[in-house]
Structures are given as structure tokens and as C-alpha cells.
Amino acid sequence: MIRPTALWKASNCIVLVVTFLLCLSRANGGPWPCSDEQMVHSTSSFHSKVVLVGNPLSYINPDPILIQHPCIEYYLEDKPPAIYLGEKVFLSLDGFGSSLLPLTIPNVLVPSPAVVSSAVFVVNSRLLFVINGKVYIYFYTIGQGWMMPKGIDRPVTEITNIDCCYAADDPRCNRTSETVIAYNTGNPAYYSSVFFSKDGGYTFTMVTVIGDGNVIGIYNFVSLSQLALLLNKTRDDKKNAYFSYGGAAYMESRKGAPFCLEPCENETVVSLIPPGLRGFIVLWTKDSFMFSFNNGLTTDRITVHPTANYTNKTLPMHGKGLCNVAVGKTEIAALTKNLKLFYGTLDIVSTQMVFIAEKESGTDTRCDALVFEKTGMLTILQPVPSTGTSFYSFQKCIINIQSRLMKLRPPLKPCPVEILSGDFHNKMYYIDMKEKLYFNVTFVPKPGTGAFPYVTVSNPHVLAFQARLMQDGYTYDGNTKYNLQITMLQQQFTDMAHAKFQDDFYEGRLSTITVDIYNKGIFCIDMHPLTALIAIDCPPTKHIRLYKNITACTKGLFYQYVLHTNFTYKIPRKEYDPKFLNRIDLSQGDLNVSYNYELLGCPILLYYDSPWLPVFELWEDNEFVEFVSADFVLFEINGKHTYDYVLTETGANCISRPQNWVTAIKNDVEGDPHHAWNRYNYESCKEHGGNDSLPSDSRKYQVLNINEKNGIQFQQYNGMYIFKATVVDTLYSYCELTTTFSVYVYGAIPPSEINPGKTLTSFLVLIFGTILAVYYFPKLLKENAKMKSLWT
């Protein structure tokens, strides 16, 4: 849970929220038919002494806008941070529950006037502003300081990101939220400046975009795994807008359906993306109000459901057209220049709104800022300057939407469902390669309505589903209860879509799944659709471990405290190659290695003369999943090469020349074995590679698998080895499954330094000499005795 710090604190500051009017109807209400109206201010003895420092910020558009941090779920007990952009700019960390000073920027960074054209919250600690064509970062939780990012060297007008609010601590979700795009609008696509950041706006790199037309907007549609370029193109004297889709480093020519978007002269097209990553986007000008439920692939005009107080089917246009729009996860509100307020729900089968209120006539005709602080509760906000101080108070009008809808005539269609629930709602899940997910939904329709649930996914190119609706008893009221069983699958392995419909399965992708009621109507405010975020990607806790049955510690060869206390060992100069190319005649010294017990633990114990095949366990959330049955490779991290493989290429039944460590390292730009051979560049030798790529009976096969007969054969050396293993099987997992472990090899008799040929020759000479001595020595003794007798 995130607790935002206050903008200012003082021991003598007492925050007073003065409620001066409770509007239950127009008869006793103010300008708006408020359910609750408040003038929010603070009193403090030092207010009158505070002087603004720096240049006050102001918004470039004449109509104000209120931007609230979309991840309301992160702030369970506190209000999410929000920023008001108007003649003055205000940042509030308590839902505008106290008086505020206008936000300023130091004079040394931006000279006066400091005009904001765009602003966005990034993660939960900072804001990014576009001020006078440049991007600035404002840290509102720690230090409240400003800085400029790196990499943007051209003027920009807009900045945007997509917040992932499903899992605050998930790395995949955080990477999504930290992706920021800065760009300028109005220019042809080939001339536009587009900058892309992956670290939350600290550094940017320039992106090349391709498209036919002028840039209106650029969006990161993460639930479609695409960047989208919104372009306006004139054809036959008529302007048509369309989305063009591509990757993060370029834009392709994939296009959505064209639609008519008619901005007035010098008017900016405003776009809003509701929280939830469902693929919704709202586009509006004074003369156009468009909505897309599928990331812009198709776009429809928003219409109005006629009532007794508003009989038209379209919103006011031109001088009476839209001046402000607010969106929540499941709802939308629109305010027009003639101060009419409309409300609608976000649904893939309905793009209708309904007129709910009108500001009473008076001298105050300005456009107000709108925000959904809670579902079904719309807040209208106005800053009010304080007398004699630089502080501003805030007048808040809260409209209970459900209460207003109940007063419409003729009455709206009632909500056709009583229960729609599932424990997966608002959560994030992972599907690894070829895995499945199972969801259950409880659904109870009202009798006679014919309502039924439907299931949608935002990115069908990567995520498929199978759904089955079954009757599951009755409620206490006697209504039929149903159970909707949903199976989520990776589209690549379902055989339900043709090859061109499937995204590349090497990289992970995101998609949302939503369960909603078909054509449920505007009145179902509290009956939320059920939505979950599915990452077809590597689960962050999935990893592999070496299966250890016997270690050198359990057999008494090493003691843990010895390994843990600065243990080192030496690798002779002839036994390692620092470039991992298995070279043996190198002019180098012996290598001293420090043993990392925290990483490696006790080494497993192996007899040198027995072939060895390591066995790995797959774990997730500290639970054993299975033994790894995929192709993997390993190398000794210090370059030690006194081992080889059991099988040759032909002995492993290869039909094409397999990869090996020497070629992998030579093909790697950095020559680094830690990433030279992986699941992205792995090619199985069991697939035909052509006549120019045939296996050899003399080269060793360096890929291992628990289901094959290949293994490691050590040479006649005792000693320590530290291996790093990497699973390279492309279709086993999205994870980079690697592990580092140690092995101690024993039992080898050290090779003798004596020359075997010379030793054998000397031995034969000795034997032959001995035989001669035994044969001739007695004869010599007899001859010597005869000679003595003659002389005597």
C-alpha cells in the first residue's frame, strides 16, 4: 500500500473541510445538481507569509483537465495523487482535500511563461511534464525536485504512458508502467520527433515512425503488443484518421479501419485511455466524440440515448461541443460548452451515453474539471483563490450517478443481472509456454431478461480461450445460478487460428481477459465486468535447480565452514582457456579461483571415470514442478576444458550440423558465453539443414537432455569445476532458465611425469643385462679358478 506524503506540513496547520451545502435535488441546490458540495480549504497562520518561488505553470488549452493517478487500487486508505491543469497547475496528494499553492518550476530551468502542453504520472513517485516543448521530471514524493531527462534533443508537445495497475510488485507490470513516449503532433509522420523510454522517463531514444499522414497521437497498446500511430490524412478533400501499428523500434504499415475525426481550426485532438489495459480509447474534439474497444482497430461514434430532458441522439456540436471528458475503468462522463453533462458505461457492444444534468444558468459559464474518484461518483472541481494569500481552495461538487439515473424519464432499462463474480478479477496471471489457466465465473441473471455473459480478450493473437456455461443450482431466491468455466491457452498452440494470426512466440506478450454481460445497459453501474491481466511470458519466480544426491560435504571431503571462509583453489595454466575456445597451448599463468559458497553451496561429488548427465528440477513459487526434459547446454565459467562429451554428432542421430560452443562464442559480438547460446538462437540438429550442413562422426555433440544418452566425460584430473547451465529449448519456456553449480571430481590417479618409452627401454635393457650376468658370471668364476691353479 502506498502512502503519499503531504505537499506541506506544519504543526500549527489545521485542515478544515467545510461542507456548506448538501444538494439532494435541484430545488435546494446550487449551479450543479450536487449530491454533496464542499468548499475545501486549510487554515494556517503562515499562509499569508508564503511567497511563490519560481515560475508558475499554466495549461496550454483554455479548458482545464484533471488527471488522477489511474492505479487507485494502490492507495487503499489514501487518495491517489492528482494534478489539475488550468490557468494554474495544482498537484494534490489528498484528493484536493486542502488548500494548495500553484505548482512552479525553478527559473533556471524554464523562463516565464512556463506553459504545460502534456503531463503524465509515471509509476508512483514522479510526474513528467512537457513545458515549452521540453520534457521535465517532477519528483513529488521525495525532495519535490525537478530534473531533465536525457536523449530528447528536439521539441515535443505530448507525453504518454500506460499504467499497469494489476500487480504493484510484478516486474512485467512495472516495465509496462515505465514505458514512456514523447512526441510532437501536427507534422507528417516521417518528419515527427518520437522518443521512447524504457526506464520511466529518465533516458529516451529516438524512434523511426512510418506512416502516410500527419501525426495526431502515439500510443503504447501493451495489451495488443503494439505501438500505434494515429494519423490524419486528407483524401478527396475529406480528412480520415486511422491507426498504424508496429513495434517499439519501428512502425509497420498495419492499419486499423479509417474513421472521420473533425477537429476545428487550431484545435487539438484529445485522447483518453481508461485504466485496465482492456484496449479502450476515447478520442474527442468539439465536433467529434469517438470510442474504440479494440485498441483502435475499429472506431465508432458515441451517441446519446434520448430522454424527456434531452431528445437528441447526438451530443451538442461546434460552439456548444465538448469541453471536458473524464473516464474511469468502466464509465465515462462528458461536459459540453453549453454546460450539459452526459454519462455512459464503457462496453464493447454499446457506445451510448445519457444526459444526466445541466448547470443552472448564471454568470459562471466556464468549463469545469471532471474526475471519477469512485465508481458511480463524479466530482466536478473548481479552484478558488484565497483572499490575501497565494493559496487556492477548491470547490467540489460530487454527483451520485446512480441517483441521477433513477430520475430519468422514461426510465432506463434495469440491470438484467444479479450476480457476476470471479476470484480472478483485477489480478495478474502468467501463462508459460504451452501452459493453461482455468477461471470460474458465477453468474445469476434476473428472471426473464435473457442476459448471458460473454468473454473477450484484448490480444487474440497471443491469447485464446474456451468457455463453457453450465447450470449450477439455484440461489436462495430461487433464481437459476450458472457457472462459466474458462480455459485460457496460448494461441500459438491451440490450432484454432491460422499461422498469420499468431504473434511471434519467442517474446512474451500481454493480454487482458474480460467477462461482461451482453448489452447490460447504462444502469448497471455497480455490476463491474471481471477483468484480469494475462502475461504470456516467464513467471518471475520460475527457475531451475541442480538435483544433488551426493555432495563432497556429505562424504567428508570438504567442510562447509572451510568452503564458506575464503576458500580458493588453483587451475593449472594448461587446463583453462580464458576465451572459452578450448585452446591448450597458451602462454599464461595458473588461475587462482575464489569459491563463492553463497552461490554454489557444496559441490556435488563425481567419479572421474563415469559419464555424467546433470539433472535439473523446475521450481515455481518454491514448489517443485517437474524434472527438466528440455535441451540444455553448459560451460565451465573459468574456461576449464578438461572434459568432453560422450556422443558424436552422428551418434546423437543429428540430421544437420549442430551448434557448439566454439561457433556460438565466435558468432557472439562480445564473445561472452553467458549469452552466446540461448533459446533465441538455438537450432536443433534434429531438423534438416540442407546438404551443406551435415553432421560429423568426429565432432562431439554438445547439447544435453535428460531423455538422451549424451553426457560429460571427465579427463584424468581431480579438481573443482564450476558450470553454468542454460536451457536452450525454444519451446520449453519463456524464461531464461539458467543455474550455476559446482562439481568436485575425484578418483583419478595423477598422470606420471616419466616418459613411458624411455622407461620401457631401460626396463628391457636391465632385464637383458641381468640374464647375461646370470649366464656368464659362473663361467667367469670357473675360468678365474683355472687361471689361479696354473699360476700356482
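Me: How many bridges join strand β25 to β26, and do they run parallel or antiparallel?

Reply: This is a predicted model, in which local features need pLDDT of at least 70 and side-chain atom pairs count only at pLDDT 80 or more, while totals for chains, interfaces and linings use all residues. Residues are numbered from 1 along each chain as its sequence is written, and side-chain values use heavy atoms, with hydrogens and water left out. Strand β25 (residues 322–327) is joined to β26 by 5 bridges, and the two run antiparallel; strands are DSSP runs of E with at least two residues, helices are runs of H or I with at least four, and both are numbered from the N terminus. Two strands pair if DSSP finds at least two bridges between them, so β25 and β26, with 5 bridges, count as paired. Within this pairing V325 stands opposite A334 in β26, and a hairpin of 3 residues joins the two strands.

Me: What makes strand β26 mostly covered?

Reply: Buried means under 20% relative accessible area, exposed over 50%, and partly exposed in between, with a 1.4 Å probe and protein chains only. In β26 (residues 331–336), 6 of its 6 residues are buried. E331, A333 and L335 point one way from the strand, I332, A334 and T336 point the other way, and all are buried. In a regular strand the side chains alternate between the two faces of the sheet.

Me: Why is T487 called buried?

Reply: T487 has a relative accessible area of 15%, which is under the cut-off of 20%, so the word buried applies. T487 is placed in strand β37 (residues 480–490). Leaving out residues up to four places away in sequence, T487 touches K436, L437, Y438, A464, F465 and Q466, where contact means heavy atoms within 4.5 Å.

Me: How do you know that C71 and C165 form a disulfide?

Reply: A disulfide is a pair of cysteine sulfur atoms within 2.5 Å, and the sulfur atoms of C71 and C165 are 2.0 Å apart, so the pair qualifies. This link is left-handed, with -75° about the S-S bond. The pair links distant parts of the chain, 94 residues apart, with C71 in the loop between β4 (65–68) and β5 (82–85) and C165 in the loop between β12 (158–161) and α1 (171–177). Both C71 and C165 are buried. A search of the whole structure finds 8 disulfides.

Me: Why is the disulfide of C553 and C602 called left-handed?

Reply: The torsion about the S-S bond of C553 and C602 is about -90°, so the disulfide is left-handed. The pair links distant parts of the chain, 49 residues apart, with C553 in the loop between β40 (543–546) and α3 (560–564) and C602 in the loop between α4 (597–600) and β43 (604–607). The sulfur atoms of C553 and C602 are 2.0 Å apart, and both residues are buried.

Me: What makes the aromatic pair of F624 and F627 edge-to-face?

Reply: Rings of Phe, Tyr and Trp (its six-membered ring) pair if their centres lie within 6.5 Å, and planes under 30 degrees apart count as stacked, over 60 as edge-to-face and the rest as tilted. F624 and F627 lie 5.2 Å centre to centre with 65° between the planes, so they pair and are edge-to-face. At 40% relative accessibility F624 counts as partly exposed, and F627 is partly exposed with a relative accessible area of 40%.

Me: How do you know that the charged end of R679 sits over the ring of Y680?

Reply: A charge sits over a ring if NZ of Lys or CZ of Arg is within 6 Å of the ring centre and within 35 degrees of the ring normal. The charged end of R679 sits over the ring of Y680, 4.9 Å from its centre, and K434 lies over the face of F493, at 5.5 Å from the ring centre.
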